[in-house]
Amino acid sequence: MTLDIKEISSQLEKLKQDFQDDISGNKGSNLAEKIRIKYLGRKGQLTSLFALLGKVPAADRPVLGKQLNVLKQLFQQEIDKLAELESEQPQCIDFFDRSLPGVTKETGTFHPLYQVLEEIKGIFVSLGFTIESGPELETDYYNFEALNIPKDHPSRDLQDTFYIDDDLVLRTHTSPVQIRTMEKLKPPIRMIAPGKCYRKDAIDATHFPLFHQVEGLCVDRGITFADLKGVVEAFAHRLFGKNIKIRFRPSFFPFTEPSAEYDFSCVKCAGKGCNICKGSGWLEISGAGMVDPAVFRYVNYDPEEFTGYAFGMGVERIAMLKYQVADIRDFYENDLRFLKQF
Ligand code: DAH
């Protein structure tokens, strides 16, 4: 009995379809080997069909032979591909979907206050200043007395300062680092002291009990107020650009004489008046002045021989101006939606 080649061809079509379903079905591990056995093994579905070659008319044999071989090659290729995939993904081929998007790792950024501090430090270092530091827990002597701050000064009040005991306070400013540095070194001194300060302020949009200052001190022979103005101007231009104007106003601090405060022209409206500068066109930046001879006497410097200037500025205020942040509390709430902007 001879078989009809057309019938066998349609059987081959069906086999091809089954094979395709199996190979894309992704059912279970070691699939490539299972499929190879099912179709191409010794008793495999395709292998068995080769036996039919002897049962078709001689004229049809080459045609069927070719069809069988083409299919065998195709199956082999597909099985090889799947086997390769399986060897790349040993355990989890069942669960791993290569088309899923990757897991993105969030990268952090530096806190805006840290960034501003680094910028300020960089500017002063490039102007020849060194960086000094002192303890945040200070004695009454360094925080007040050696800075010529009298016993009845309001900053000594329990209302304003965090006292640990009669003699220890959380420093209310970075100025004590001036004293510590002058005790340690001889002039010439050019230093800044960035750091944390603490005051018993009620929290609002511009006050926080913890804040940062950068103290500056320069002592040498022949230092004048003009040197202070030159350094402040260089600093302002580096931080906010060449168009910033600087203005000094008379003020009072127990540790400087004469004392001043300096303002920068408003970084937002350039002096025209806006909500940031409250219409004045100017922004208060820092206290400053010529070191009071009384302070020099505390550190055994001869005020006849040396003069110096000092300044102390609030870092939060500068960061608020630089990044146009309206509320100081934003810096301390650690809200990622805020922090991610820097
Ligand atoms: N220590 C002052 C304060 O916290 C700021 C200050 C003013 C520092 C004048 C100075 C200075 O060095 O000369 O308000």
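This report describes the domains, the ligand site and some backbone features of a predicted model.

Residues are numbered from 1 along each chain as its sequence is written, and side-chain values use heavy atoms, with hydrogens and water left out. Local features need pLDDT of at least 70 and side-chain atom pairs count only at pLDDT 80 or more, while totals for chains, interfaces and linings use all residues.

**Domains**

The domain assignment of the protein gives domain 1 (5-88) and domain 2 (112-339); such bounds come from an automatic or database assignment. Between the C-alpha centres of domain 1 and domain 2 the distance is 84 Å.

**Ligand site**

The ligand sits in the largest pocket. A pocket is an open set of points on a 1 Å grid over the protein atoms alone, where a 1.4 Å probe fits, with protein on both sides within 12 Å along at least five of seven lines. A molecule sits in a pocket if more than half of its atoms lie within 2 Å of its grid points.

There are 15 residues around the ligand, and His-173, Ser-175, Arg-199, Gln-213 and Glu-215 come nearest; a residue is near a molecule if one of its heavy atoms lies within 4 Å of it. By class, this shell has 5 nonpolar, 8 polar and 2 charged residues. Ala, Val, Leu, Ile, Met, Phe, Trp, Tyr, Cys and Pro count as nonpolar, Asp, Glu, Lys and Arg as charged, and the others, Gly among them, as polar. Strand 5 (210-220), strand 8 (282-291) and strand 9 (307-314) each supply at least two residues of the shell. Strands (E, at least two residues) and helices (H or I, at least four) are DSSP runs, numbered from the N terminus.

| Residue | Protein atom | Ligand atom | Distance |
|---|---|---|---|
| Gln-178 | side-chain N or O | oxygen | 3.0 Å |
| Arg-199 | side-chain N or O | oxygen | 2.8 Å |
| Phe-311 | backbone N or O | oxygen | 3.3 Å |

On its own the ligand has 350 Å² of accessible area, of which the protein covers 89%; the areas come from the Shrake-Rupley method with a 1.4 Å probe.

**Backbone features**

The peptide bond from Pro-187 to Pro-188 is cis, with omega near 5°. Pro-188 is in the loop between helix 7 (176-184) and strand 4 (189-198). A cis peptide bond also runs from Glu-257 to Pro-258, with omega near -5°, and Pro-258 lies in strand 7 (residues 256-265). Ala-270, in the loop between strand 7 and strand 8, has a positive phi near 55° although it is a residue other than glycine.

Note on methods: Polar contact = N/O pair within 3.5 Å; in protein donor to acceptor, adjacent residues only side chain to side chain. 1 Å grid on protein atoms, 1.4 Å probe; cavity = no way out; pocket = protein on both sides within 12 Å on 5 of 7 lines; lining within 4 Å.
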